Amino acid sequence: MIQLHSATSAQWTETVLNDFDRFLSDHAAAEKKAAGMAISMLSHYPDRAELVSAMADLAVEEMTHFRDVLRLMQRRGLAMRPDKKDSYVNQLRGIMRSDSGEYLMDRLLVGGIIEARGYERFGLVGEALNDPTLKRFYTALAQSESRHSQLFADLAALYFPNTAISQRLKELLTAEATILKQLPFRAALH
């Protein structure tokens, strides 16, 4: 799995726990967007059979997570809220290169970084929750995010040389740490 260059502050976890209903809404939106991203990738790269297969599976898993979070929300009497732009994701996308080969590499590596951050943060939420059902749910989600991060790294390794991946990943991870440091704490995944 991709190793992040920074750790999430305990203040973020506290912010999430203090407004967990809002976090659930954001979490549902993030899962829905992740499924959409997987579908977008398989649509844009139909000639890359391994990527198409992996993204089809990922889209199904992300939609399953969305459904599971939606059920948690409904049990708490919560309704979906309109999607909001995710500054973290948008800033990461903003540093992706535009050349087609470089863009695919960046798209895979940024996907892996986002999933690695999800692994870390869902793990923090799972550790902090008192409700045993929610604790298990978020601990399991963290493991899924870890697998997803590795999936993106493995796909990048199929299509690009390791030296190019390593160099670009270092650049992206440095940028991700800077982006994260500048964002305010809120009851949201990112």
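Biologist: At what angle do helix 5 and helix 7 pack, and how far apart are their axes?
Modeller: In this predicted model, helix 5 and helix 7 pack at an angle of about 50°, and their axes are 10 Å apart. The two helices are therefore oblique to each other, and their crossing is right-handed.

Biologist: Which residues meet there?
Modeller: From helix 5 the residues are M105, D106, L109, V110, I113, R117 and R121, and they meet A164, I165, R168, L169, L172, L173, E176 and L180 of helix 7. Sorted by class, this contact of helix 5 with helix 7 has ten nonpolar and five charged residues, with no polar ones.

Biologist: And helix 2 with helix 3, how do they cross?
Modeller: The axes of helix 2 (residues 20–44) and helix 3 (residues 49–75) come within 8 Å and cross at roughly 160°. Angles over 145 degrees count as roughly antiparallel, and helix 2 and helix 3 are therefore roughly antiparallel to each other. Their crossing is left-handed, and the residues of the contact divide into 20 nonpolar, three polar and three charged.

Biologist: Switching to the core, how many residues does the largest nonpolar one have?
Modeller: The largest nonpolar core has 33 residues, and those with the most contacts inside it are M41, L51, M55, Y88 and L108. Two or more residues each are given to this core by helix 2, helix 3, helix 4 (87–94), helix 5 (100–128), helix 6 (132–159) and helix 7 (162–182).

Biologist: Which helix gives the largest share?
Modeller: Helix 5 does, with eight residues of this core.

Biologist: You listed L108; what is it in contact with, leaving aside neighbours within four places in sequence?
Modeller: With those neighbours left aside, L108 is in contact with M41, L51, F152, L155, A156, Y159 and F160. M41 and L51 are also listed among the residues with the most contacts inside the largest core.

Biologist: What about a second core, which residues does it include?
Modeller: There is a second, separate core of 20 residues, and F20, A28, Y138 and A187 are among them.

Biologist: One last topic: is H65 buried or exposed?
Modeller: H65, which is found in helix 3, has a relative accessible area of 8%, and because that is under the 20% cut-off, H65 counts as buried.

Terms used:
Residues numbered from 1 in each chain as written. Predicted model: local features only at pLDDT ≥ 70, side-chain atom pairs only at ≥ 80, totals over all residues. Heavy atoms only, no water. Axes fitted to C-alpha atoms, helices over the stretch in contact; angles between N-to-C directions. Helix = DSSP H or I, 4+ residues; strand = E, 2+ residues; numbered from the N terminus. Parallel < 35°, antiparallel > 145°, perpendicular 65-115°, else oblique. Left-handed = near helix turned anticlockwise from the far one by under 90°. Nonpolar A, V, L, I, M, F, W, Y, C, P; charged D, E, K, R; others polar. Core = buried A, V, L, I, M, F, W, Y, C linked by side-chain atoms within 4.5 Å. Buried < 20%, exposed > 50% of the residue type's maximum accessible area, 1.4 Å probe, protein only. Contact = heavy atoms within 4.5 Å.
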